[in-house]
Amino acid sequence: MPQQSGLTQILFMYVPIFLIFYFLIIRPQQQQGKKTKEMLANLKKNDEVITTSGIHGTVVIVKEKTVVLRVDEGCRIEFDRESIASVTNSEAKPVEVVK
């Protein structure tokens, strides 16, 4: 019987450690992944985004695996969807005319 009590002591020690690890690290990471997938699935034209490399731009064309961003007048760059870090504004801003 001493082997069973040693086994239960080990279980009582490791189960709480695993639960703490799960609720502090694994679960929040899964929730963040779901939010990111949802954000990437909901990208649409005129969304202002920031890429993982820090480039700010406006979505011009949304393709299946890529997104074309307008970063300046006449300058468009095509990125993978996964390289979009965040959407800063999902509304179209009026274009200001500089005289």
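This report describes the fold, the core and the surface of a predicted protein model.

## Basis of the model

Local features require pLDDT of at least 70 and side-chain atom pairs pLDDT 80 or more, whereas totals for chains, interfaces and linings use all residues. Residues are numbered from 1 along each chain as its sequence is written, and side-chain values use heavy atoms, without hydrogens and water.

## Overall fold

Of the 99 residues, 20% are buried; buried means under 20% relative accessible area, exposed over 50%, and partly exposed in between (1.4 Å probe, protein chains only).

## Nonpolar core

Met39, Leu40, Leu43, Val49, Val59, Val67, Leu69, Phe79 and Ile84 form the largest nonpolar core, a core being a set of buried Ala, Val, Leu, Ile, Met, Phe, Trp, Tyr and Cys residues joined through side-chain atoms within 4.5 Å. Helix α1 (2-41) and strand β3 (66-72) each supply at least two residues of this core.

Beyond its neighbours within four places in sequence, Met39 is in contact (heavy atoms within 4.5 Å) with Ile84, Ala85, Ser86 and Val87.

## Surface

The accessible surface, from the Shrake-Rupley method with a 1.4 Å probe and, for residues, only the protein chains shown as cover, is about 8100 Å². Carbon and sulfur atoms account for 58% of this surface.

Phe23 lies in helix α1 and is partly exposed, with a relative accessible area of 48%.

Notes: Helix = DSSP H or I, 4+ residues; strand = E, 2+ residues; numbered from the N terminus.
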